[in-house]
Amino acid sequence: MVTGDRLISVEGLVKSFGATRALRGVDLEVREGEVLALLGPNGAGKTTLVRVLATLLRPDSGGARVAGYDVVAEAEAVRPLIGLTGQFAAVDELLTGRENLELVGRFYHLDEDERRRRATAVLERFDLLAAGDRLVKTYSGGMRRRLDVGAGLIGGARVLFLDEPTTGLDPRNRSDVWDFVDELVAGGTTVLLTTQYMEEAERLADRIAVIDSGSLIAAGTATELKLQMGGDVLEARVADAVDLERCAATVAAVAGGEPRLDRDLRTVTVPTTGSTPVLLAVGERLQAAGVGLEDLGIRHPSLDDVFLSLTGNGGPPATTRGNGAAGSLPVAAPRTAEQAERAAPPPAPRRDPVGDVVGVTGRNLRRLVRTPRLLAITAIQPALLLVLFRYVLGGAVHIPGGSYVDYVVPAVFLEAVMIGGMATAIGLADDFGTGIFDRLRSLPIVRYAVLAGRTLADLTRSVFALALMVGLGLLVGFGFHGSLPSILAGLALVIFFGYCFSWVYATIGLLTKDPETAQVAGILPFFILVFASSAIVPVETMPSWLQPFAEYQPVSVTIDATRALMQGEPTGTWVLQSLAWAVGILAVFSTIAVQLYRRSSL
Ligand SMILES: Nc1ncnc2c1ncn2[C@@H]1O[C@H](COP(=O)(O)OP(=O)(O)OP(=O)(O)O)[C@@H](O)[C@H]1O
Ligand SMILES: [Mg+2]
């Protein structure tokens, strides 16, 4: 149901990654209700183009609009209109199929009933209803892909981007996805899909744009592209592969075109405008040359032939290819039409910051509960520290007027929370490399929700570890001597400081973008701040050059405040100093982290 209005327009799009020029000035348009297939070999720039259109990548120059909105400057207006199924799986393994779908529905700001209804419909449509309440990690590759395609649809997008939607699917599942695309299009959705399968492009697309090495080299309907081949194809299959080169030379001499060899199929193909006389001449010449044939014939070109001739391997030289095809590219609509589109200001997107944060937090909490080993290890680390400090150092360190166990246990409380925060760095870095992050960034959610949801969920784990340390502390002889409100205030201070500090880890996660590096880097602030503090030994016993740092740094004042609160001793200005540090750290690092996240996502 192509209505003819321009829904996507791309002009002069250029994007480089270092020295790699992924897009070299792409012009393209897609009309409302149309299916456009972007056909190209590996590395052609298909995914890069989709990522620009899905508001995930900032182009170097040129621009693109979806429904009249600029994908960079008005990304927030674009996101509610689009659905993305990226090339790589963007489903969460630790959620069920249904949870995955409902989560994406929540980020499109559908109400609870609606997202449940749509999730059921998608599960049903993709034959996943029976598996809907199983964790995705138990799904087969095809099931994941189907769920992934389904998740792209849940928001009822006006434009759907499908990056190689059927790669890895068996023929039955592939044709199922095709049928589904047909249904969507019948319902008015516009689809831009990428594919390496000519058959798929021909089957699904109203128009096909062929992309190679970052340039669009042809566009048109399948028939138009075939016509561009300028006639038929002569194909000869030799009986013995050793004859292939000789056969190619003979065929080329007679038919006049550039031959293409397929060693697996033992075939030579060449474009030809001639018919029977050419065929007979080729047959005679091959027979005379002693080349045994299994088959010889003239057929209409397949899209394969077009694709291969356009993207090299037998096609004309690149320069003439580019120029020759440019004439068939869609002509950009006159400026006035665009201005008319632009006249409409972007609608205020529906915002639900609280719902967004709750959604991301919920997702991370579910993951947390479903990885009990991680939960256990979070608690084992501070427990080990506690036992080591208590029994290994305990006898060696003299605390004037007090016991070492009362001195060190409050420090372990803070360490437990800080160790919990390290998981924030690793978790964020881990998400960063997956398609999940891409999907989240293409959704109409507030930018800080992904970070706030992560830090809040990790805080829960820290509180769990803290509770265990309180129990363990009591077991090894720690005594709370303060009043209950004062003890609770101490615990609250630890939790608050730990939460603020987890933004340092969020920043580390976003800077390192890799879980292993994040893990190593995350130890550094912990190491420096905990060991050069009053956590384990009194500051007075440290070298004099270290004392000023050790006395006033955030971890020291927080531990000093916590100790005093737990023991019912005067806190001096420690509580205030700790709060000031915590708020300062939160302000600085949440700003940096949100900026880093924004920079990675427009
Ligand atoms: N983040 C990146 N950093 C560096 N180079 C990149 C990045 N993304 C893409 N490229 C490069 O840009 C070029 C185009 O890549 P792209 O992923 O768009 O190709 P594609 O057509 O989707 O290929 P495929 O069919 O293999 O998925 C490739 O040379 C690729 O190596
Ligand atoms: Mg790709």
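Guide: Two strands count as paired if DSSP finds at least two bridges between them. The model shown above is predicted.

Visitor: Which residue in β9 is the bridge partner of Leu39?
Guide: Strand β3 covers residues 35-39, and β9 covers residues 207-212. Four bridges join these two strands, which run parallel. In β9, the bridge partner of Leu39 is Val210.

Visitor: Is strand β3 largely enclosed by the rest of the structure or left open, and how many of its residues are buried?
Guide: Val35, Ala37 and Leu39 point one way from β3, Leu36 and Leu38 point the other way, and all are buried. In a regular strand the side chains alternate between the two faces of the sheet. Strand β3 is largely enclosed by the rest of the structure, because the number of its residues that are buried is five of the five.

Visitor: Which strands stand at the edges of the open sheet, each with a single partner strand?
Guide: The open sheet is formed by four strands in the order β2-β1-β4-β5, with antiparallel pairing. A strand at the edge has a single partner, so one side of it is left without a neighbour in the sheet. The strands at the edges are β2 (20-31) and β5 (69-70).

Visitor: Which residue in β2 stands opposite Val10?
Guide: Strand β1 covers residues 6-17 and runs antiparallel to β2. Nine bridges join the two. The residue of β2 opposite Val10 is Leu28.

Visitor: Are Thr47 and Gln87 buried or partly exposed?
Guide: A residue is buried under 20% relative accessible area and exposed over 50%. Thr47 has a relative accessibility of 24%, and Gln87 has a relative accessible area of 27%. Both values fall in between, so Thr47 and Gln87 are partly exposed.

Visitor: Between which domains does the largest cavity lie?
Guide: The largest cavity has about 130 Å³ of space. It is lined by 13 residues, and those nearest its centre are Asn100, Leu103, Val104, Ile436 and Leu440. The elements that give two or more residues to this lining are α3 (97-107), α14 and α17 (435-442). Two domains give residues to the lining, so the cavity lies between domain 1 (6-226) and domain 3 (360-599).

Visitor: Which element gives the largest share of the lining of the largest cavity?
Guide: By class, this lining has nine nonpolar, one polar and three charged residues. The largest share is four residues, and they come from α3.

Visitor: Which element gives the largest share of the lining of the largest pocket?
Guide: The largest pocket holds about 660 Å³ of space. Its lining has 26 residues, with Leu374, Met422, Ala423, Ile426 and Arg461 nearest the centre. Elements that give two or more residues to it are α14 (353-369), α15 (372-393), α16 (404-432), α18 (449-475) and α20 (515-531). The largest share, eight residues, comes from α16.

Visitor: How far apart do the C-alpha centres of domain 2 and domain 3 lie?
Guide: The domain assignment places domain 2 at 231-300 and domain 3 at 360-599. The distance between their C-alpha centres is 73 Å.

Visitor: Is Glu164 buried or exposed?
Guide: Glu164 is found in the loop between β7 (159-163) and α6 (171-186). Its phi is near 50 degrees, a positive value in a residue other than glycine. With a relative accessible area of 6%, under the 20% limit, Glu164 is buried.

Definitions and conventions:
Residues numbered from 1 in each chain as written. Chains lettered and ligands numbered in written order. Predicted model: local features only at pLDDT ≥ 70, side-chain atom pairs only at ≥ 80, totals over all residues. Heavy atoms only, no water. 1 Å grid on protein atoms, 1.4 Å probe; cavity = no way out; pocket = protein on both sides within 12 Å on 5 of 7 lines; lining within 4 Å. Points joined across faces, edges and corners; volume = space filled by probe spheres on them. Domains from an automatic or database assignment. Nonpolar A, V, L, I, M, F, W, Y, C, P; charged D, E, K, R; others polar. Buried < 20%, exposed > 50% of the residue type's maximum accessible area, 1.4 Å probe, protein only.
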